[in-house]
Amino acid sequence: MVFYECPTCGRNAVLCTCDALSYADQRLLISEISGEFSDLEQAISVADQESEAHNLRYIAAMEYIFKNAPDSLREEIWQAFRTAFGIEADYRGPNGERLFSLGTVAAAMGMSVAEVRAQAEAFLEPGDLPGLEEITRVQ
Ligand SMILES: [Zn+2]
């Protein structure tokens, strides 16, 4: 397994949840970790194993699954995310709806911001993001 010492707790930053690394460093680690998966089944088992911890290994597994899953499964993952996601909203909309930055969604889903933007554009009506270039509406 990839090892990178966490500057906060000194354990493996891949497994801890200190969130002490920069976004760029996290992305580097995530791509290294996802390179360790050999098939979808393995990635699903890791995602399941780490789902409570929600660490970088979990994100990498989700990224691997998302990249390698058949389209129907991808759709399911995205729907589940949209309806049941428990992360803190970055912003609240005028009616109290939870709004997430593309960066938050990308990190949570193990996707690049460009991928999240493409997904958001595919799911949202044109005009749902007026002036909210950085924000995607989840619910
Ligand atoms: Zn740590």
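## Burial and overall fold

A residue is buried if 20 or more other C-beta atoms lie within 10 Å of its own. By this criterion, buried residues account for 24% of the 139 residues in the protein. The model is predicted.

Six helices and three strands form the secondary structure. Along the sequence, these elements are arranged in the pattern α-α-α-α-β-β-α-α-β. Of the contacts in the protein with a separation of 6 or more, 49% join residues 24 or more positions apart.

## The nonpolar core

The largest nonpolar core comprises 25 residues, and Leu56 and Ala61 have the most contacts inside it. Two or more residues are contributed to this core by each of helix H1 (23–34), helix H2 (40–49), helix H3 (56–68) and helix H5 (102–109). Among these elements, H3 gives the most, with nine residues. The core lies between domain 1 (1–69) and domain 2 (78–139), because both domains give residues to it.

When its neighbours within four places in sequence are set aside, Ala61 is in contact with Phe37, Ala43, Val46, Ala47 and Glu50.

## The segment before H1

Asp19 is located in the segment before H1. Asp19 counts as partly exposed because it has 14 C-beta neighbours inside 10 Å, a count that falls between the limit of 12 or fewer for exposed residues and that of 20 or more for buried ones.

Asp19 and Thr8 are separated by 11 residues in sequence, and their C-alpha atoms are 8.8 Å apart in space.

How values were computed
Residues numbered from 1 in each chain as written. Predicted model: local features only at pLDDT ≥ 70, side-chain atom pairs only at ≥ 80, totals over all residues. Core = buried A, V, L, I, M, F, W, Y, C linked by C-beta atoms within 7 Å. Helix = DSSP H or I, 4+ residues; strand = E, 2+ residues; numbered from the N terminus. Domains from an automatic or database assignment. Contact = placed C-beta atoms within 7 Å.
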